[in-house]
Amino acid sequence: MTVPDTDTQQLPTASGEGSTEQVSEGSAPARSALRRRRRMLAMVCGGTVLLGAAGMAAAAWIKSPAQVAADTAAPPADVLTAAAERRVLAETVVTRGQVTASQSVQVSSAGPGGDGAGRSVVTKVKAKAGEPVAFGRVLLEVSGRPVFALPGALPAYRDLKPGDDGQDVQQLQHALASVGHSTAPDRPGHFGAGTERAVRGLYAALGYTPRPVAENKEPEAKKPATPPAPSTHPMVAMSEVVFLNSLSARADSVTAEVGAEASGTLMTISAGDLLVSGGIGLHEKGLINPGQKVEILAETSGERATGTVVSVAQAPKAKKTKSGEDDKAGADEYTVKVKPDGRLPATMAGQEVRLTIAAASSRTKVLAVPSSAISTGADGRTTVTARTPNGSNRRIEVRTGMSGDGFVEVTPTDGARLTEGDQVVVGVDTRHTEQGQPR
């Protein structure tokens with residue numbers, strides 16, 4: 001008899017009796033049973049791994065009370081030290097300031113321009129903001145009439161015409177000569193034929209005709225039967241000239257626009273060297289004196305300069321509230337004027353700057369320690385504590401001098417020794433990394 005070359009297994013029958021039936025390993029029932037056994041084995045292995053991991057996590061998080069106390073205990077305090085130095089000490093005052101010119105002039109219209117003009121309208125704008133202002137050149141035009149700049153410290157306060165005398169006439173004569181129009185043979189301060197000729201020459205160079213002198217109005221009863229001929233004498237209208245006290249003049253701002261009403265300020269012109277004006281409080285006033293050096297920093301542009309205090313106001317600067325009333329609460333600021341050591345660049349005009357004023361200085365290097373190293377004991381002695389290389393402390397009595405920049409000048413007394421480079425105790429570091437610990 002031939003025996004089949006297959007594996008068999010005995011399976012129980014449905015009747016539960018011990019009868020068997022031969023089933024091939026490759027049959028569907030055998031494969032299903034193998035898969036079930038494999039899944040069961042995988043589940044048992046996975047569960048074992050998870051139980052092991054959970055046990056390790058619990059061991060890491062669960063601590064005994066003794067371990068918790070040890071972990072949260074404060075570490076030992078650490079001593080902070082700093083080296084004694086030989087340095088120049090300077091006591092400084094830091095405040096804010098504004099860069100302005102020695103003269104600022106607002107150009108505005110005084111009314112209609114030329115003859116027959118009913119409105120005051122801007123008809124030309126020649127100057128641009130940020131550009132230098134040239135003397136004897138038109139800045140702008142209002143209703144056909146020019147507005148130009150001339151050198152001079154005295155503001156125009158009247159129309160100047162032939163026959164006038166005064167300091168303002170003499171200033172006009174100097175200004176006309178500086179732009180190439182001589183007033184000879186007129187004597188200084190008298191508006192004569194030479195000045196009249198120079199005025200005509202200036203206006204002609206600008207491309208305009210000077211305004212004629214207005215005739216005095218007579219009452220109706222005194223008017224002659226034949227009207228007099230119109231005046232041909234020229235005058236310089238105060239609304240047409242701007243006097244500036246320096247050759248270095250520039251247009252800070254230009255608000256005039258061609259075709260717009262010529263009202264308000266049309267242009268702002270600065271002249272003269274740039275100066276710096278700052279403010280200090282009453283508690284700082286006694287520290288600032290003329291002659292002290294100043295560092296000037298324009299924080300927006302990073303430009304730096306140095307200067308000197310030239311004056312400190314004796315009375316506080318009046319401040320205004322939004323309603324225009326005096327601000328009593330802010331009336332304790334005193335103005336400090338600073339003159340730059342050299343000419344400031346024009347780009348700093350109008351900028352707010354930081355002023356660092358050297359209120360006092362040791363001038364030469366002195367032995368100094370951080371101010372936190374100075375202590376006064378119950379015995380009234382002023383001391384510093386030096387830290388030796390082996391970690392011990394040595395108390396040294398000192399006499400203190402000036403302070404500045406966070407340091408204090410010290411001089412050891414009674415033969416004590418403290419030299420540059422010695423480490424002195426400045427504090428105890430009690431900072432901890434654990435949240436909730438004192439700092």
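Strand 9 covers residues 241–244. V241 and F243 point one way from this strand, V242 and L244 the other way, and all are buried (under 20% relative accessible area; exposed is over 50%, partly exposed in between, with a 1.4 Å probe and protein chains only). In a regular strand the side chains alternate between the two faces of the sheet. Strands (E, at least two residues) and helices (H or I, at least four) are DSSP runs, numbered from the N terminus.

This is a predicted model, where local features need pLDDT of at least 70 and side-chain atom pairs count only at pLDDT 80 or more, while totals for chains, interfaces and linings use all residues. Residues are numbered from 1 along each chain as its sequence is written, and side-chain values use heavy atoms, leaving out hydrogens and water.

**Strand pairing and an aromatic pair**

- Strand 9 pairs with strand 6 (residues 145–151) in the parallel sense, over four bridges (pairing takes at least two DSSP bridges between the strands).
- L244 of strand 9 is the bridge partner of P151.
- How many aromatic pairs are there? The count is one (ring centres of Phe, Tyr or the six-membered ring of Trp within 6.5 Å; planes under 30 degrees apart are stacked, over 60 edge-to-face, the rest tilted).
- The ring centres of F148 and Y203 are 5.6 Å apart and the planes stand at 90°, so this pair is edge-to-face.
- F148 belongs to strand 6 and Y203 to helix 4 (residues 193–206), so the pair links parts of the chain 55 residues apart.
- F148 is buried at 0% relative accessible area, and Y203 is buried at 0%.

**Nonpolar cores**

- The largest nonpolar core has 22 residues (buried Ala, Val, Leu, Ile, Met, Phe, Trp, Tyr and Cys joined through side-chain atoms within 4.5 Å).
- V276, I288, I296 and V353 touch the most other members of this core.
- Strands 3 (90–108), 11 (265–280), 12 (293–297), 13 (304–312), 14 (334–340) and 15 (352–361) each supply at least two of its residues.
- Strand 15 gives the largest share, four residues.
- Another core lies apart from it, with 21 residues, including F135, A256, L266 and I269.
- Beyond its neighbours within four places in sequence, I288 is in contact with V93, I280, V309, V312, V336, I357 and A359 (heavy atoms within 4.5 Å).

**Charges over rings**

- The charged end of R87 sits over the ring of F407, 4.0 Å from its centre (NZ of Lys or CZ of Arg within 6 Å of the ring centre and within 35 degrees of the ring normal).
- K285 lies over the face of Y334, 5.5 Å from the ring centre.

**Salt bridges**

- The whole structure holds 17 salt bridges (a side-chain nitrogen of Lys or Arg within 4 Å of a carboxyl oxygen of Asp or Glu).
- R211 and E240 meet in one of them, at 3.2 Å from N to O.
- R211 is in strand 7 (residues 211–212), and E240 is in the loop between strand 8 (234–235) and strand 9, 29 residues apart.
- E299 bridges to R354, with the closest N and O atoms 3.5 Å apart.
- E299 sits in the loop between strand 12 and strand 13, and R354 in strand 15.
- E299 is partly exposed at 41%, and R354 is partly exposed at 31%.
- Salt bridges that share partners join R96, E299, E352 and R354 into one network.
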